[in-house]
Amino acid sequence: MNRHRAFWLMLLVTASWGASYMWMKIALISVAPLFLVGLRFTVAFLATIIIFARVLKRPTHQEVVASFILGTLLFCAFTFVMIGLQHTDASTAGFFAQYDYRVCRDF
């Protein structure tokens with residue numbers, strides 16, 4: 001991959017991630033936060049199964065337990081983001097979500 005294509009892909013990912021807070025804010029007008037998080041996880045799960053069907057193998061018990069724990073933590077984090085998004089504007093929520101990565105990388 002050349003630098004030019006990598007730059008445009010990076011820009012696309014950044015714009016998509018930033019725009020997702022705006023779309024979540026719009027969706028929260030008519031949908032409950034837990035429903036929206038559940039819908040996002042369901043779509044991501046189905047997309048993963050469809051895209052990686054040939055690569056996926058039967059997981060071990062340890063992998064299932066680890067996936068359940070990490071999935072639960074991620075679900076809780078997304079739920080808190082959705083609830084917070086109901087009480088603030090999308091740009092503030094996006095800023096704080098990205099700020100977390102800058103603080104955690106120092107530790």
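A crossing is left-handed if the near helix is turned anticlockwise from the far one by less than a right angle, and right-handed if clockwise. The model is predicted: local features need pLDDT of at least 70, side-chain atom pairs pLDDT 80 or more, while totals for chains, interfaces and linings use all residues. Numbering starts from 1 along each chain as its sequence is written, and side-chain values use heavy atoms, without hydrogens and water.

**Exercise 1.** State which elements the chain has, in order.

*Solution.* Count first: 4 helices and 0 strands. Helices are DSSP runs of H or I, at least four residues; strands are runs of E, at least two. From the N terminus the order is α-α-α-α.

**Exercise 2.** Describe how α1 passes α3.

*Solution.* Take the axes, which are lines fitted to C-alpha atoms over the stretch in contact, with angles from 0 to 180 degrees between N-to-C directions. The axes of α1 and α3 come within 10 Å and cross at roughly 70°. Angles of 65 to 115 degrees count as roughly perpendicular, and α1 and α3 are therefore roughly perpendicular to each other. The crossing is right-handed. Y21, M24 and K25 of α1 meet V81, M82, L85 and Q86 of α3; contact means heavy atoms within 4.5 Å.

**Exercise 3.** Find the residues of the largest nonpolar core.

*Solution.* Look for buried Ala, Val, Leu, Ile, Met, Phe, Trp, Tyr and Cys joined through side-chain atoms within 4.5 Å. Buried means under 20% relative accessible area (1.4 Å probe, protein chains only). The 9 residues are Y21, M24, L28, L36, V37, M82, L85, A90 and A93. Two or more come from each of α1 (3–27), α2 (33–51), α3 (61–86) and α4 (90–104).

Conventions: Buried means under 20% relative accessible area, exposed over 50%, partly exposed in between (1.4 Å probe, protein chains only). Angles under 35 degrees count as roughly parallel, over 145 as roughly antiparallel, 65 to 115 as roughly perpendicular and the rest as oblique.
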